[in-house]
Amino acid sequence: MRPLRALLWDVDGTLAETERDGHRVAFNKTFELFGLSWRWDETRYGELLTVTGGRERLMHDMHVRPDAPCLMGEREALARELHRSKNAFYAELVSQGGISLRAGVLPLMQECREHGVRMSVVTTTSRSNVEALLQAQLGPGWQDWFEALVCGEDVDRKKPAPEAYLRALELMELHPLETLALEDSPGGAAAARAAHCPVLLTRSAYFANAAVDGAMAIGPGLHTLSGWHPASEAAGAHGPVRLSDLRHWHRLGEVVSAFP
Ligand code: XBP
Ligand code: MG
């Protein structure tokens, strides 16, 4: 049996509720700045989350915008400009501490550091967004917490393609079964599974009821042990998810994959 050596952290939805209160807000500020009447309310943005990548999301939404440029080249150029501006608004927002880590994330990261469990970030968001968030939430020296930072720019195919996970495994020189991916969305979980990484699914606001395939365990967040399926060994205990719970679920994963 392979021991758990590393956590692979998704960002949006998993580390923080960045989509509804961060990216969406920054997109809307950008539309206003560019004199566009487009606005994404919470419901529409939820629909758009099936498209990974902010620029790709813009391109997708332009299909239903009669005032979007007709020529593909112009449309792509506008999407690039809007996306750049959105990321600047987003960085400003998170740099000012506008979005906090989800409850339970920080203590688990600290425990991993204390016990030599390695960590990396595996995300389809832009690198500048990750840096702004982690700098604001973990402070100077945050880079030392993570071995690899695999971001949207580092891959040709974003999640649900496995590329980002495969890249992280390569950089860390790890077998997928030595890792545990923490994800919040069906697409993120699919990406990790396609790279053969066991997945722990910590539900976020936008994916609270989404059907998810192949996770070792699914729960409402790292802040509590209640509501997790399957229950941890420490079930009944109050308090947050700890490294011992992750090890428990990770071992189950081995059993499940050994006897499918
Ligand atoms: C989430 C995404 C990203 C963000 C926006 O990625 O799909 O596109 O919504 O970020 P993950 P960008 O859950 O893997 O962190 O605008 O930088 O793409
Ligand atoms: Mg996510």
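Glu 173, in this predicted model, counts as exposed, with a relative accessibility of 72%. Glu 173 lies in the loop between α7 and β4, and its phi is near 55 degrees, which is a positive value in a residue other than glycine.

**Backbone features**

- His 196 also has a positive phi although His 196 is not a glycine, and the value here is near 70 degrees.
- The place of His 196 is the loop between α8 and β5, and at a relative accessibility of 55% His 196 counts as exposed, because exposed means over 50%.
- Gly 116, the residue that follows α5, has a positive phi near 70 degrees.
- Lys 159 and Pro 160 are joined by a cis peptide bond, for which omega is about 15 degrees, and Pro 160 is found in the loop between β3 (149–150) and α7 (163–172).
- A cis peptide bond also runs from His 229 to Pro 230, with omega near -5 degrees, and Pro 230 belongs to the loop between β6 and α9 (243–258).

- Asp 12 and Asp 184 are both buried.

**One face of helix α5**

- Helix α5 spans residues 105–114, and its buried residues are Val 105, Leu 108, Met 109, Glu 111 and Cys 112.
- Where do these buried residues lie when α5 is seen down its axis? They fall within an arc of 160 degrees, so they line one face of the helix.

**The largest pocket**

- The largest pocket has a volume of about 600 Å³, and its lining is made up of 36 residues.
- Nearest to the centre of this pocket lie Val 51, Thr 52, Gly 53, Arg 57 and Thr 124.
- The elements that contribute two or more residues to the lining are α1, α3 (54–62), α4 (72–95) and α8, and the largest share, 4 residues, is given by α3.
- How many of the lining residues are nonpolar, polar and charged? The lining divides into 7 nonpolar, 16 polar and 13 charged residues.
- Domain 1 (6–16 + 100–258) and domain 2 (19–95) each supply at least three residues to the lining of the largest pocket.

**Buried residues in a strand and in loops**

- Ala 217 is part of strand β6, which covers residues 217–219, and with a relative accessibility of 1% Ala 217 counts as buried, because buried means under 20%.
- Between the C-alpha atoms of Ala 217 and Pro 198 there is a separation of 9.3 Å, and these two residues are 19 residues apart along the chain.
- Is Ser 204 buried or exposed? Ser 204 is buried, with a relative accessible area of 5%, and its place is in the loop between β5 (199–202) and β6.
- Ser 204 and Arg 55 stand 149 residues apart along the chain, and their C-alpha atoms are separated by 22 Å.
- Ser 185 lies in the loop between β4 and α8, and with a relative accessible area of 12% Ser 185 is buried.

Technical notes:
Residues numbered from 1 in each chain as written. Chains lettered and ligands numbered in written order. Predicted model: local features only at pLDDT ≥ 70, side-chain atom pairs only at ≥ 80, totals over all residues. Heavy atoms only, no water. Buried < 20%, exposed > 50% of the residue type's maximum accessible area, 1.4 Å probe, protein only. Arc of directions from axis to C-beta. 1 Å grid on protein atoms, 1.4 Å probe; cavity = no way out; pocket = protein on both sides within 12 Å on 5 of 7 lines; lining within 4 Å. Points joined across faces, edges and corners; volume = space filled by probe spheres on them. Nonpolar A, V, L, I, M, F, W, Y, C, P; charged D, E, K, R; others polar. Domains from an automatic or database assignment.
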